[in-house]
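I would like the terms defined as they come up.

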2 protein chains.
Amino acid sequence: MEEIKIQRAAKLKEKPDPKTLGFGKIFSDHMFLLDYHAGQGWHDPRIVPYGPFMLDPSAMVFHYAQEVFEGLKAYRAPDGSVQLFRPADNARRMADSCDRLCIPPVPEELFVEAVKALVKVDADWVPNEPGTSLYIRPFVIATDASLGVHASHSYLFCIITGPVGAYYAEGINPVKIYVENDDVRAVKGGTGYTKCGGNYAASIRAGERAEEQGYAQVLWLDGVHRKYIEEVGSMNVMFKVDGKIITPALTGSVLPGITRRSCLELLRDWGYAVEERLITAEELFDAAESGKLEEAWGTGTAAVISPIGEMGWKDKHVVVNGGEIGSLTQKLYDTLTGIQWGVEPDPYGWTVKL
Amino acid sequence: MEEIKIQRAAKLKEKPDPKTLGFGKIFSDHMFLLDYHAGQGWHDPRIVPYGPFMLDPSAMVFHYAQEVFEGLKAYRAPDGSVQLFRPADNARRMADSCDRLCIPPVPEELFVEAVKALVKVDADWVPNEPGTSLYIRPFVIATDASLGVHASHSYLFCIITGPVGAYYAEGINPVKIYVENDDVRAVKGGTGYTKCGGNYAASIRAGERAEEQGYAQVLWLDGVHRKYIEEVGSMNVMFKVDGKIITPALTGSVLPGITRRSCLELLRDWGYAVEERLITAEELFDAAESGKLEEAWGTGTAAVISPIGEMGWKDKHVVVNGGEIGSLTQKLYDTLTGIQWGVEPDPYGWTVKL
C-alpha cells in the first residue's frame, strides 16, 4: 500500500460550538484524496487542506451520476480516545457499490487506513458533547471530461469529515411516517442495494412531499408489486410484531445497512426470533390495527435508531405503542450508542480505536 | 428576461480537424451559466470562457446526484447558416426532468434564448463536413455544500457545446443488440422518463457487458414485469411489423425522445399505422421468427436513426432485414437528417434558424 502523504493546512478553522451542531454543513480542516486513472489504478493517497474541486464542466459525474458514497462516524469515548464503528463494513459496501456502478473498487484496506489517517489528523474535530460525533463521508466521483455514455476512465475518491450534533436535539422522539404510493426509490435489477447518488436523487421528491404533509419520512414500497415495504426515508426499517422481529429482506433494492446488521445481531443475541422476509404494507397495518404491532423503528448511521410513532397509508392511520418509544427500541438505541461512544463494553469487536 | 451578459475568451482554441471528430471530447470556447439561489430564483445569465467549475467537495451533486441534462444539436445548412432542431422541446423536457428531481425548472424561454446566444458566440465551432454538427449539452447541478438528503437550495444551469462527427463514421450500418435480463434501467414511479444522471449511471454496467459480448447496445425490459421492451441503449426503439409501426408507449419509465416524436409524426404523415403500446420481447422475437419483423431501429439525438440488424435474447438470435438497413429506416434517416441539416424543406417548422 502506498504511503499516505500529509499536507497540513497552514491555518486551522475556528471550531463551531459543539452544542449547536447540525448535520453535514460544517467540515473539518482536511480531506483525503486518491486518484484513479485507467492503466495506473488507484494512486497517490494524500491528506490535504479541505478545499474545492476544480472539475471540467463535462466531467461525467455532472451528467451521468457515476458516483457512490459511504457514511460512518468517529466517536469520542469517555476516556477522550476516538473510535470508529465497523469501518471495514463500509469499505466492503463501497466496493459493492462501485461494482454495480462500473467504478473500479477502492481497495478496502486502503479505505479503512485512509479513514483512520484522516480522523487522526483532524482528531480535534471529534466533538465530545453527548450524542455528537464526527461524520465521515467517503465518496467516489467519475472525472472523465467526456460526454460519451460509458464508464469513466478516471475517478476521484475523497473523504471529508465534519462534526455533527445529536440527531435528536430534543431527545429521541417517535416520528410520523407515511407509505409512498407513487414514487419509487429503487427496483430489483437497479441500484437500490448500493449507495449511489441516483437512489437519493429519486427519493427527494417523496421526502419533500412527506414533510409538506407533516410527516418526517416516507415508507418505501417495492417498485415491482408496490406492496412490500423496503425502507423508511434513507434508513432500514424493523418491526416488533407479536414478540417477533420482522424486517425487509435484502432483495436487491434494499440497502444492506450496517446499523441494520448490528441490530439484527444484537436482537438474535438477545433471543428474539428475527425474520428477514417480504412484508406487505397490508400485513403491517393489519398487525397495527389488531394490536400486534408493538414497536417500529428505522436504523441508520445518522440517527442510529429512529422510533416510529405513527404511520399513514392511503386512508389508514395507526399509532404505534401509543406514540411512545418502545422498550426494545430504546434498548437497541442505548446498546448501540453505548458501544459506539465507548460507554458500554463492546463484546462484538465492532469498534476500532484510533 | 434578464439580459445575457457576454464575456468573450481572450484567446480562442485551435479548432479540430472536422474530418476526425468523435463525440463529446472537444468543447468550444464558451459556456453559458445561470445561477439559482432560494429566494432569488434563476439569475445572472452569462456567457463566459469555457473553464472548470470550482465546487465544494460536499456539493450535493457529488453525493445525491441531483442533476438533469438535455442534448440537442446545431447544424450547418448548405447556405452556411446555422439552425437548431426543436429546441423548445428540449426546454420543455428539461422542465419536466427538473420537476421530478425537485429542481426549480429553468424558464423555457430563457433555455432556448441561452442556447441560441451561446451557439451564436461560438458559431465558428459548428462544423460543415457531412454528418457533423455542434452538440449542445444543457445541464443543471445541485450546488449546496450540505450533506442533508433534501432538495438543494442552490443550482447551476450550464450549457456547453462541442463539434461532433458523423455518428457512423463509416456510414450508417445496422447494429447488434441483446435483451438485458438482469439489470434494470428504470421503473414506473422512478426517474426513467427524465434525463437525470442516475438513469445513465444505472445503465452503464449492462452497456459495458453488451460491448464485451460483441453487441452495440442493450435492449431494456421494464423493471416490473421484465417482459416489455422499453428502450435500446440510451435511445427509443421502433419496429416495423407486418407493415405497421410499433413502439413502446411512454409509460413513465421510457424517455419521451424528441427524435422519437419526430419519427412518429413523419410516419403518421406518410400514412403508416403507428401503435404506441406495450410490446413484449416474446412478441418481438415471435414476429422476427415468423418473418413479420421487417425493420427495427433506435432513435436519438446523437445517432438520429440507428438501424438494428441482429437481436439476441437468452438462447434466441434473429437477424432483421437480412442484416441490412431497411428502406423505411433509411427514409426516416434521410428525411430527418435532411431537415436537420437544411438540405430538405422543413414543412413542420421544426428547425430554428439562428
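Predicted model: local features only at pLDDT ≥ 70, side-chain atom pairs only at ≥ 80, totals over all residues.

Residues are numbered from 1 along each chain as its sequence is written, chains are lettered from A and ligands numbered from 1 in the order in which they are written, and side-chain values use heavy atoms, with hydrogens and water left out.

Chain A is divided into domain 1 (5–166) and domain 2 (175–340), with bounds that come from an automatic or database domain assignment. Taken over C-alpha atoms, the centres of domain 1 of chain A and domain 2 of chain A are separated by 27 Å. Their contact (heavy atoms within 4.5 Å) takes 20 residues from domain 1 of chain A and 21 residues from domain 2 of chain A.

The size of an interface is often given as the accessible area lost when the parts come together. Between domain 1 of chain A and domain 2 of chain A, the buried area (the accessible area, with a 1.4 Å probe, that two parts lose on being put together, summed over both) is about 1800 Å², 57% of it on carbon and sulfur atoms. Of the area that domain 1 of chain A buries against domain 2 of chain A, A:Phe85, A:Arg93 and A:Arg100 supply 34%, more than any other three residues.

The count between these two domains is 2 salt bridges, a salt bridge being a side-chain nitrogen of Lys or Arg within 4 Å of a carboxyl oxygen of Asp or Glu. In chain A, the side chains of A:Glu265 and A:Arg86 meet in a salt bridge, at 3.2 Å from N to O.

A:Thr299 lies in strand β16 (residues 293–300) of chain A, where strands (E, at least two residues) and helices (H or I, at least four) are DSSP runs numbered from the N terminus. A:Thr299 is counted as buried because its relative accessible area is 2%, the term meaning under 20% with a 1.4 Å probe and protein chains only. Not counting residues up to four places away in sequence, A:Thr299 touches several residues, including A:Met235, A:Arg260, A:Cys263 and A:Val304.

A:Val304 itself is placed in strand β17 (residues 304–313) of chain A, and A:Val304 is buried, with a relative accessible area of 3%. Its phi is near 65 degrees, a positive value in a residue other than glycine. In chain B, B:Val304 likewise has phi near 65 degrees and counts as buried at 3% relative accessibility.

Turning to the two chains, the contact takes 62 residues from chain A and 62 residues from chain B. The area buried between chain A and chain B is about 5000 Å², of which carbon and sulfur atoms give 62%. Across this interface there are 4 salt bridges, and B:Asp99 forms a salt bridge with A:Arg205, the closest N and O atoms being 3.8 Å apart. Among the elements that give two or more residues to the side of chain A that touches chain B are α1 (60–64), β8 (133–142) and α4 (197–212) of chain A. The largest share of that side, 10 residues, comes from α4(A).

Note on methods:
Buried < 20%, exposed > 50% of the residue type's maximum accessible area, 1.4 Å probe, protein only.
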